[in-house]
Amino acid sequence: MGERNLLFGGFFVPKMTHSAESLKYAVEFQVHDDDIFAVTYPKSGTTWIQEILPLILNGGDVTPVQTIPSWDRVPWLGPTRTALVLGDRPPPRAMVSHMPYHCMPRSFYTSKAKVIYVTRNPKDTAVSSFHFHGMASFLDDPGTFDQFLDKFLSGQVVFGKWTDHVKSWRNTDIEGRILYLTYEEMVQDLRAAVLRMAQFLGRELSPDVLEKVANHCHFNNMKTNIMSNYSLVPQDIMDSSKSPFLRKGTTGDWRNHFNAEQEARFSAIIKKEMEGTSFPFPWDDE
Ligand code: A3P
C-alpha cells in the first residue's frame, strides 16, 4: 500500500490527491455553523450527492451542475485542491469527505455544521470499488476479485475498513445535525431522498422543483453530464475504457460478482464486526 498512499489516522489515503500539508489543512480547517458535509465511505454515492446538494441549495438552478466540475462545485475536504477552492467561498459551503468521524476538522465537533452520511450495501460498495481500482491509476491494482475482497475486508484499501467507517459515524454525539441516508433508498425513490435532504437542510422545494432535481440527478442524466462523469480527468489517471466512473448505478450488482463461498465469507465478517450495533440497513435480510 506504500507507493501510492499516505498513512493518516490509521488508514491510507491516495498520495496523488493528498499531502501531509493538505491533511493538516483539513484538521485545522475552520468549520462554520452553516457548513454542510456529505460524508461517505468511498463508492457509496459521493458524486451523486455532489450533484444533488447544489440543486437543493440553489432552488433547482442547474447552472452550477452544468458548468462546474463536481470536485469544485462541492469540494473535497482533505485533498490538496481543498485550500484552492474552499478559501473564500460564500456560505453555505457544501463539502464532501471520506473521513471517518474521528478525523474531521478539530472545529467540526463543537460547530453546528450539518452532516449527511450515506451508507451503501458493503457488497455493492466492494464491487464498485473493485472496478474503480481497475480504472484509476492512483489506486493499487485490485488483483483478482477474490484478492480484492480480502483487501476490502481487512481495510487494506483507501480510507480503511467499511465497518470502522460506518460505526464511527453511527456512534457520534452530534445527533440532530446528522442525516443518515442509504444509497439504496436513493435508488428506490430519489425524489423522497431529495425531499429528506432538503427538509434536513431547512430548504423548501416546490413539487415541480423536487421533480426537476430528481430527474436531473437520475443516473442516465448524470452519466452524460461531463461536469459529473469524470470524463474531464485524463485517461492515464482514470481510464473509462476499463470501467466508466458512473458504471452501473444499481443495487444488488454484487450478485453478478460474488460466488457462494465469497458471499458467506464476506457476510460472516461484516456481521461479526457489526455485532452489538442497532441500526438496521435495507440489505440486512438479504
Ligand atoms: P457503481 O460503480 O456501482 O455504478 P462515489 O461517487 O462515492 O465514488 O460512488 C460511485 C458509485 O455511485 C458508482 O457505483 C456510481 O455509478 C454510483 N452513482 C453515481 N451517481 C449515481 C446516480 N445518479 N444514480 C445511481 N448511482 C450513481
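1. Tyr-230 is buried, with a relative accessible area of 11%; buried here means under 20% relative accessible area, exposed over 50% and partly exposed in between, with a 1.4 Å probe and protein chains only. Its phi is near 65°, a positive value in a residue other than glycine. Tyr-230 is found in the loop between α12 (219-223) and α13, where helices (H or I, at least four residues) and strands (E, at least two) are DSSP runs numbered from the N terminus.

2. On the basis of the note: this is a predicted model, in which local features need pLDDT of at least 70 and side-chain atom pairs count only at pLDDT 80 or more, while totals for chains, interfaces and linings use all residues. Residues are numbered from 1 along each chain as its sequence is written, and side-chain values use heavy atoms, with hydrogens and water left out.

3. Lys-43 also has a positive phi in a residue other than glycine, near 75°. Lys-43 is found in the loop between β3 (36-40) and α2 and counts as buried at 12% relative accessibility. The charged end of Lys-43 sits over the ring of Phe-132, 3.6 Å from its centre, and over the ring of Phe-245, 4.0 Å from its centre. For this description, NZ of Lys or CZ of Arg must be within 6 Å of the ring centre and within 35 degrees of the ring normal.

4. The peptide bond from Pro-91 to Pro-92 is cis, with omega near -5°. Pro-92 is found in the loop between α5 (82-86) and β4.

5. The structure holds 28 aromatic pairs. Rings of Phe, Tyr and Trp (its six-membered ring) pair if their centres lie within 6.5 Å; planes under 30 degrees apart count as stacked, over 60 as edge-to-face and the rest as tilted. Tyr-101 and Trp-169 form an edge-to-face pair, 5.1 Å centre to centre with 75° between the planes. Tyr-101 lies in the loop between β4 (94-97) and β5 (114-119) and Trp-169 in helix α8 (residues 162-170), so the pair ties together parts that are 68 residues apart in sequence. Both Tyr-101 and Trp-169 are buried.

6. The ring centres of Phe-108 and Tyr-109 are 5.4 Å apart and their planes stand at 80°, so this pair is edge-to-face. Phe-108 is buried, with a relative accessible area of 0%, whereas Tyr-109 is partly exposed at 29%. Residues up to four places away in sequence aside, Phe-108 touches Val-31, Phe-37, Tyr-101, Ala-113, Val-115, Trp-169, Ile-174 and Arg-177; contact means heavy atoms within 4.5 Å.

7. One aromatic cluster is formed by Tyr-41, Phe-130, Phe-145, Phe-148, Phe-152, Trp-254, Phe-258 and Phe-266.

8. Of the 92 residues in the largest nonpolar core, Phe-37, Phe-108, Trp-169 and Met-186 touch the most other members. Such a core is a set of buried Ala, Val, Leu, Ile, Met, Phe, Trp, Tyr and Cys residues joined through side-chain atoms within 4.5 Å. Helix α2 (residues 46-57) provides the largest share of this core, 7 residues.

9. The second largest pocket is lined by 17 residues, of which Ile-270, Lys-271, Met-274, Trp-283 and Asp-284 lie nearest its centre. A pocket is an open set of points on a 1 Å grid over the protein atoms alone, with protein on both sides within 12 Å along at least five of seven lines, and lining residues have an atom within 4 Å of a point. Both α6 (122-135) and α13 (260-273) supply at least two residues of this lining, and α13 gives the most, with 5 residues.

Note on methods
1 Å grid on protein atoms, 1.4 Å probe; cavity = no way out; pocket = protein on both sides within 12 Å on 5 of 7 lines; lining within 4 Å.
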